[in-house]
Amino acid sequence: MTMLLIYDGMCGLCHRSVAFAMDHDPSGLLFSFSPSSSEYGRHRLEELNLGLEPRSIVVITEYDEVLLKSDAALRVLSVLGPPWSWLAKLGQWVPKTLRDHLYDRISVNRRLLFEQPLS
């Protein structure tokens, strides 16, 4: 059950989120990762008509379901096991419009709020 996670490689928050998912993936097989600026990441985003730099992580599930924003973040948490999967279940109780609004507010300011990763 490998999901592809496409992220902004120049965003400190995104970089930390990927590191978190890698650190908490017990099997190391749940995810594959691609920066949105990589050739593969750009190709997949173009295939999905998402533009070259979405302000969201993009999760493509094993069933080719495309998840964005809070849905993507909750899916990542849901497969990591407790306590993260419990947090995902709680998050699903929050209306999607509210979750995505909060996600957007953070996303717009992510490069200002979080230090860029070192190359």
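A: One term to begin with: buried means under 20% relative accessible area, exposed means over 50%, and partly exposed lies in between (1.4 Å probe, protein chains only). Buried residues make up 37% of the 119 residues in the protein chain.

Q: Where does the model come from, and how are residues numbered?
A: It is a predicted model, where local features need pLDDT of at least 70, side-chain atom pairs count only at pLDDT 80 or more, and totals for chains, interfaces and linings use all residues. Residues are numbered from 1 along each chain as its sequence is written, and side-chain values use heavy atoms, with hydrogens and water left out.

Q: How many helices and strands are there?
A: The protein chain has 6 helices and 4 strands. Helices (H or I, at least four residues) and strands (E, at least two) are DSSP runs, numbered from the N terminus. Along the sequence the pattern reads β-α-β-α-β-β-α-α-α-α.

Q: What is the strand order in the sheet?
A: The order is 2-1-3-4, in an open sheet of 4 strands with mixed pairing. Two strands pair if DSSP finds at least two bridges between them. Strand 2 and strand 4 (66-68) are the edge strands, and each pairs on one side only. From one strand to the next, the twist averages 20°.

Q: What holds paired strands together, in general?
A: Strands of a sheet pair through backbone hydrogen bonds, either parallel or antiparallel.

Q: Strand 1 and strand 2: parallel or antiparallel?
A: They run parallel, and 5 bridges join strand 1 to strand 2 (residues 31-35). M3 has F31 as its bridge partner in strand 2. I6 stands opposite S34 in that strand. Between the two strands the chain passes through helix 1, and this β-α-β crossover is right-handed. That means that, with the strands pointing away from the viewer, the path from the first strand over the helix to the second runs clockwise.

Q: And how does strand 1 pair with strand 3?
A: Strand 1 pairs with strand 3 (residues 58-60) in the antiparallel sense, over 3 bridges. L4 has I60 as its bridge partner in strand 3. L5 stands opposite V59 there.

Q: Is strand 1 mostly covered or open? Which way do its residues point?
A: Mostly covered: 5 of its 5 residues are buried. M3, L5 and Y7 point one way, while L4 and I6 point the other way.

Q: Switching to the core. Which residues touch the most other members of the largest nonpolar core?
A: L5, Y7, F31, I57, V59, V76 and L80 do, out of 20 residues in that core. A nonpolar core is a set of buried Ala, Val, Leu, Ile, Met, Phe, Trp, Tyr and Cys residues joined through side-chain atoms within 4.5 Å. Strand 1 (3-7), helix 1 (12-23) and helix 3 (69-78) each supply at least two residues of this core. Helix 3 gives the most, with 4 residues. Another core, of 5 residues, lies apart from it, and I6, L45, V58 and I60 are among them.

Q: What does Y7 touch?
A: Y7 touches C14, V18, F33, S34, P35, S36 and I57, not counting residues up to four places away in sequence. Contact means heavy atoms within 4.5 Å.

Q: Which strands does helix 3 lie across?
A: Helix 3 lies across strand 1, strand 2, strand 3 and strand 4, running at about 105° to strand 4. Axes are lines fitted to C-alpha atoms, for helices over the stretch in contact, and angles run from 0 to 180 degrees between N-to-C directions. Helix 2 (residues 39-47) lies across strand 1, strand 2 and strand 3, at about 100° to strand 1.

Q: At what angle do helix 3 and helix 4 pack?
A: Helix 3 and helix 4 (residues 84-91) pack at about 145°, with their axes 7 Å apart. L74, L77 and S78 in helix 3 meet W84, S85, L87, A88 and G91 in helix 4.

Q: Why does A88 count as buried?
A: Because its relative accessible area is 0%. Beyond its neighbours within four places in sequence, A88 is in contact with L74, L77 and S78.
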